[in-house]
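This report describes selected features of the structure shown below.

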Amino acid sequence: MAAAPFLLLAPGTLWLLIFFVWPTLQMLLMSVSTGSLDDGYQVTGSLDAYGTAISRFPKQFGNSLLYGGAATVLDFLIGFPVAYTVAFRGGRYKNLLLFLVIAPFFTSFLIRTISWKTLLGDEGPLLGFLKHSLGVLPAEFTVTGTSFAVVAGITYNFLPFMILPLYVALEKIDPALIEAANDLYASRWQAFRRVTFPLALPGVFAGSILTFIPALGDYVNATLLGNPQTQMIGNVILSRYLTLNDYPLAAALSFILMAGIIVAVTIYARFLGTEQLTG
Amino acid sequence: MADVAVRLTQLTKRFGDPAGRRSATADGSPTAEGVTAVDHIDLEVEDGEFFSLLGPSGCGKTTTLRMIGGFEQPTFGRIELQGEDVTWLPPYRRNVNTVFQNYALFPHLSVFENVAFGLRRRKVPIAEVKRRVSEMLELVELPGFERRKPSQISGGQAQRVALARALVNKPAVLLLDEPLGALDLKLRRQMQVELKRIQEEVGITFIYVTHDQEEAMTMSDRIAVMNRGRYEQLGDPEVLYERPRTRFVAGFLGVSNLLPATMDGQADGYAAFRLGDGTTVRVPTTVLEDQSGSVAVGVRPEKIRMHETDQASPPGFNSLGGTIVDASYIGVSTQYIVRMADGRRVTVYEQNVERATKSELWKTGEQVVLAWSPDHCFVVEEGGGAAPESDEELNAVA
């Protein structure tokens, strides 16, 4: 009987060992290897790949941080009012509204991003209309192929990952708490600032992590909506791995990204206060 | 005479329909599509008074309280607070504070910050905030709890924090919405005494909403017994218990025996009423108000004495013959159900004193005579008044 909890844990543990721990170790070993695809790779303990990764790709790392960060902030600014409205004003339409938030995601990530490319294209329905029918934009105005388009694409693609945790946190708030704040002389805004928002912080934390981490590693938006100057670190990893077959460098880049994320999230958790996350 | 703390004038709240739209039912009587939770209430609560709104769920007591607090806007009518019209003011502009049903303590703030919340919003200087919060925690007997979070204290303690959080602002009126509802019986009793002590100590007007008649009676200076959006009777606990005016009040506060009767003349300050089985009972004319139509004469079970059929009732007492059909020994008293000649049942409580020590408790099947002083009678109107249990359709708005 005492073994029961361990038996229940076994499938999950095994899964993690095979599909997470083992590949991660492999990648770690790869990042300190030298060689080529044709001659094979030997673990030599060389840190050259790390050196190259840091010295050659600061711009791409910077782009990832910048675009991922900007998209996370934008998602928060767009997502909070949506989550708030659904949670507090949704009434019996709550489920329908939540469905509408997720509905676009029944189509593939790629299709959606390609549609954006079409929508935002130089002669697409939006810009074409503004340029030729209304004439409010100059003919050379372009959106696709800019960092703006990349950030917009990431913002769009990760919005539900922000809205859903925010909704869960806001929905849990007892409306009586807001009444209590009003009763204790807090205006609507003060009640929001002192009660609603602090209580929604766990959702803000979860939502921003869920948006920021995958956004950092994203390469699809930069590929489809950006230009060579807007390459993110994901694009570099992709090309090193699949095109140039420089496995050690790809592995080293991945590890630097992972380490960066862990450090950033730890600082962020400290900043928001662990008590809010557990309480 | 004390000043008026709260005055309600024709206060009305309807839920769920455009105000006033009505449709006719098959029998032609008009019914509102929505629910009238509070129906043209006029009420004055005096300064410094412990006032209770008592009634079953759905009677409109909580809605009335929420309108005074500003959480609900009336469909019609006016609310004055110390002479000032506050009907349309938001909660944060009213000098009232509320103790909520489930306390509604802010889970992310410490006990200290919970209590200080109102003072901080009013920009009270820090030193004074500290002084007043610790004074208040002293008053509710929770000194030393400042740094705890609401999740780290018990229900009874949370209750005291909620009280402190409201009282620290020195409101003109404190509103309490079934504040003891979530506590167990023993703690409830203890908190009832405590609440009354605190109210007397701070001298603030309390308006207390409850469905528990014992709770209302223990603490209140005056009680309004509410039913179907109106109050049926208003008075101090003793008057409500001894002289209920309606069938509903008689049934909601304690247990009553109500015997349908018709008036049969008056003499010497007493009115004679003929009961269903032909017996006549006397009632002091002082308890008669302008009850019209068919009435019922009421008497509380503990006012009735029982004796053998061959004994005479005390002179001037009302008496009735009957058969004991049920006897239950409760400890402090024994409860008997006595069936009268016309089949009506009368409940009698007898203190377990002489008969109990002599093992001579009445037994089922014995013939007895019930006797009680006319002064213990009250008269209620029959028919119209709804019984407490028949208003389930209003429960939704509780």
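## Surroundings of A:Ser31

With neighbours within four places in sequence left aside, A:Ser31 is in contact (heavy atoms within 4.5 Å) with A:Ser46, A:Ala49, A:Tyr50, A:Pro248, A:Ala251 and A:Ala252. The model is predicted: local features need pLDDT of at least 70, side-chain atom pairs count only at pLDDT 80 or more, and totals for chains, interfaces and linings use all residues. Residues are numbered from 1 along each chain as its sequence is written, chains are lettered from A and ligands numbered from 1 in the order in which they are written, and side-chain values use heavy atoms, with hydrogens and water left out.

A:Ser31 belongs to helix α1 of chain A, residues 4–31; helices (H or I, at least four residues) and strands (E, at least two) are DSSP runs, numbered from the N terminus. The relative accessible area of A:Ser31 is 0%, so the residue is buried. The class boundaries are under 20% relative accessible area for buried, over 50% for exposed, and partly exposed in between (1.4 Å probe, protein chains only). From its side chain, A:Ser31 reaches the backbone oxygen of A:Leu28 at 2.7 Å. Such a polar contact is a pair of N or O atoms within 3.5 Å; within protein, one must be able to donate a hydrogen and the other to accept it, and residues adjacent in sequence count only if both atoms are side-chain atoms.

## Chain A: overall figures and loop residues

Chain A has 13 helices and 2 strands. Its C-alpha atoms fill a box of roughly 75 × 75 × 30 Å along the principal axes. Of the 279 residues in chain A, 40% are buried. Among contacts in this chain between residues at least 6 apart in sequence, 67% join residues at least 24 apart.

A:Thr44 is placed in the loop between β2 (40–43) and α2 (48–56) of chain A. Its relative accessibility is 46%, so A:Thr44 counts as partly exposed. Not counting residues up to four places away in sequence, A:Thr44 touches A:Val32, A:Ser33 and A:Thr34. A:Ala2 is 42 residues from A:Thr44 along the chain, and their C-alpha atoms are separated by 45 Å.

A:Asn245 lies in the loop between α11 (233–243) and α12 (247–272) of chain A. Although A:Asn245 is not a glycine, it has a positive phi of about 55°. At 26% relative accessibility, this residue is also classed as partly exposed.

## Chain B: helices and selected residues

In helix α1 of chain B (residues 61–69), 8 of the 9 residues are buried, and the helix is mostly covered. Among these buried residues are B:Lys61, B:Leu65, B:Met67 and B:Ile68. Just after α1(B), B:Gly70 takes a positive phi of about 95°.

Two packed helices are described by the angle between their axes and the distance between the axes. Helix α2 (residues 111–121) and helix α4 (residues 155–167) of chain B pack at about 30°, with their axes 7 Å apart. The two helices are therefore roughly parallel. Axes are lines fitted to C-alpha atoms, for helices over the stretch in contact, and angles run from 0 to 180 degrees between N-to-C directions. Angles under 35 degrees count as roughly parallel, over 145 as roughly antiparallel, 65 to 115 as roughly perpendicular and the rest as oblique. B:Val111, B:Asn114 and B:Val115 of α2(B) meet B:Val161, B:Ala164 and B:Arg165 of α4(B) in this contact.

B:Lys170 lies in the loop between α4 and β9 (173–177) of chain B. The residue has a positive phi of about 50° although it is not a glycine, and it is exposed, with a relative accessible area of 56%. B:Pro237, in helix α7 (residues 237–242) of chain B, is buried at 14% relative accessible area.

## Contact between the chains

The contact takes 23 residues from chain B and 18 residues from chain A. About 1,900 Å² is buried between the two chains, and carbon and sulfur atoms give 63% of this area. Buried area is the accessible area (1.4 Å probe) that two parts lose on being put together, summed over both. B:Tyr92, B:His108 and B:Arg121 supply 35% of the area that chain B buries against chain A, more than any other three residues.
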